[in-house]
Amino acid sequence: MNKAIFTSFRLSLLVIFSLLFTANKSYATHVLGADFYYTWISGYTYNFTVVIYGDCAGSAFPNLPSSSPQIIILNGSSPVDSFFLTVQAPTSGVEVTPVCDAYKDSTTCKRGTIPGVTKFVYSGSRTLSGT
């Protein structure tokens, strides 16, 4: 049991560090935030999910539906695996702008003037080698 916890913790650290410290380039024009998490399925198989929140009026917004985030798995400082996530339905995203009902049709997501936010979800499953 302790070995499984240690392995899970080590995997968590590898994924976090690969996301934080291995990027050669980072573009975040009007990307407001992101969530990253993974779920154990069975054995060495995990489901990886990235949720990106985009500004509807931002210059990066038109690219979000066709984007595919890359996940790089490291063993120490050496990459051992990489793969791309795919956008989940609805591929046009879901508006999550925190406004009152009276203003829901006045956001930039609907060609209004109130700043709007849309959520895009990308995911994919991967079986890791276990070493």
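How many bridges join strand 3 to strand 4? Six bridges do, and the two strands run antiparallel. This is a predicted model. Its largest nonpolar core has 14 residues, and the structure holds six aromatic pairs.

**Strand 3–strand 4 hairpin**
- Strand 4 covers residues 78–84.
- Strand 3 and strand 4 form a hairpin with two residues between them.
- G76 sits in the turn and has a positive phi of about 70 degrees.
- N75 has S78 in strand 4 as its bridge partner.

**Nonpolar core**
- F48, L64, I71, I73, F83, L85 and Y122 touch the most other members of the largest core.
- Strand 2 (45–55), strand 3 (70–75) and strand 7 each give two or more residues to this core.
- Strand 2 gives the most, with four residues.
- Beyond its neighbours within four places in sequence, L85 is in contact with F48, V50, S68, P69, I71, Y122, S123 and G124.

**Aromatic cluster**
- Ring pairs link F36, Y38, Y46, F48 and F83 into a cluster.
- The ring centres of Y38 and Y46 are 5.6 Å apart, with planes at 70 degrees, so this pair is edge-to-face.
- Y38 is partly exposed, at a relative accessible area of 23%.
- Y46 is buried, at 7% relative accessibility.
- Y38 also pairs with F48: their ring centres lie 6.1 Å apart and their planes stand at 35 degrees, so the pair is tilted.
- That pair links distant parts of the chain, with Y38 in strand 1 (residues 31–42) and F48 in strand 2, 10 residues apart.
- F48 counts as buried because its relative accessibility is 0%, under the 20% cut-off.

**Loop between strand 6 and strand 7**
- This loop, between strand 6 (94–95) and strand 7 (117–127), holds T107.
- T97 lies in the loop between these strands too.
- T107 is buried, with a relative accessible area of 0%.
- T97 counts as buried at 13% relative accessibility.
- Leaving out residues up to four places away in sequence, T97 touches T107, C109, P115, G116 and V117.
- With its neighbours within four places set aside, T107 is in contact with E95, T97, V99, G112, T113, I114 and G116.
- T97 and G116 are 19 residues apart along the chain, and their C-alpha atoms are separated by 5.2 Å.
- A polar atom of the T97 side chain lies 2.8 Å from the backbone nitrogen of V117.

How values were computed
Residues numbered from 1 in each chain as written. Predicted model: local features only at pLDDT ≥ 70, side-chain atom pairs only at ≥ 80, totals over all residues. Heavy atoms only, no water. Buried < 20%, exposed > 50% of the residue type's maximum accessible area, 1.4 Å probe, protein only. Contact = heavy atoms within 4.5 Å. Core = buried A, V, L, I, M, F, W, Y, C linked by side-chain atoms within 4.5 Å. Pairing = 2+ DSSP bridges. Polar contact = N/O pair within 3.5 Å; in protein donor to acceptor, adjacent residues only side chain to side chain. Phe/Tyr/Trp six-rings, centres within 6.5 Å; stacked < 30°, edge-to-face > 60°.
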